Amino acid sequence: MTDEARPAPVPASLAAPGSAGAGFAALLGVADLPPGAHRRVTIGDLDVLLAHTPAGIVATEDRCPHMSAPLSIGVLDGCIVDCPLHRGRFDLCTGEPVQLPSTGGLDADGVLHAPWTAAGSEPKADAPGPKLDARRLTRTRRMRFYPVRISNGWIEVAVPVDERA
Ligand code: FES
């Protein structure tokens with residue numbers, strides 16, 4: 001067992017719906033998630049992202065809060081995970097985006113942000129139409145987290161019962 005493994009503190013306002021009072025399920029051995037690691041664990045039809053950050057171990061849905069790409073294949077650097085699809089960057093320790101997607105669109109508060117182009121890339125412009133509207137109206141949601149506890153060398157996560165079916 002890794003002595004330093006501990007759950008990260010997560011604000012109650014960022015608890016995943018249905019996770020309060022949910023039973024804990026053992027998802028992964030602590031030894032399989034060393035500091036700095038992150039990976040997907042699937043339970044029922046729910047894909048969970050487990051990440052061992054400097055603040056502790058977090059569990060969230062393995063779907064980018066923008067357009068649902070798997071964050072488990074993005075790069076984790078400290079608390080920050082990069083989304084592989086549109087270069088969004090998210091802080092797993094606070095739940096806040098640190099870089100909104102390159103597509104632009106709405107932030108969690110509904111404020112519109114313009115698209116941006118990474119250095120070294122050619123700007124891409126969509127013609128007016130449904131695709132442009134979809135990008136503009138897609139909201140990057142707030143991240144939500146499942147409660148985590150460490151027990152007998154296992155990472156246990158409180159997952160709503162209906163997600164386990
Ligand atoms: S799906 Fe992750 S930034 Fe768009």
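Leaving aside its neighbours within four places in sequence, which residues is Ile155 in contact with? Contact here means heavy atoms within 4.5 Å. The partners of Ile155 are Ala25, Ala26, Leu27, Leu28, Gly29, Val30, Leu33, Leu50, Ile57, Val148, Arg149 and Ile150. Ile155 and Val30 lie 125 residues apart in sequence, yet their C-alpha atoms are 5.8 Å apart in space. Ile155 belongs to strand 13. Its relative accessibility is 0%, so Ile155 counts as buried (under 20% relative accessible area; exposed is over 50%, partly exposed in between; 1.4 Å probe, protein chains only).

The model is predicted: local features need pLDDT of at least 70, side-chain atom pairs count only at pLDDT 80 or more, and totals for chains, interfaces and linings use all residues. Residues are numbered from 1 along each chain as its sequence is written, and side-chain values use heavy atoms, with hydrogens and water left out.

The protein contains 1 helix and 13 strands. These are DSSP runs, numbered from the N terminus (helices: H or I, at least four residues; strands: E, at least two). Along the sequence the order is β-β-β-β-β-β-β-β-β-β-α-β-β-β. The radius of gyration is 17 Å, close to the 15 Å that the globule rule gives for 165 residues, so the protein is as compact as a globular protein of that length. This radius is taken over C-alpha atoms, and the rule is 2.2 Å times the number of residues to the power 0.38. Of the 165 residues, 41% count as buried. Among contacts with a separation of 6 or more, 57% join residues 24 or more positions apart.

The largest nonpolar core has 19 residues. Such a core is a set of buried Ala, Val, Leu, Ile, Met, Phe, Trp, Tyr and Cys residues joined through side-chain atoms within 4.5 Å. Leu27, Ile43, Val48, Leu50, Ala59, Ile155 and Val157 have the most contacts inside it. At least two core residues come from each of strand 1 (24-29), strand 2 (38-43), strand 3 (46-53), strand 4 (56-61) and strand 13 (154-158). A second, separate core has 15 residues, including Cys64, Ala69, Cys83 and Met143.

Ser68 is partly exposed, at 28% relative accessible area. Arg87 is partly exposed, at 47%.
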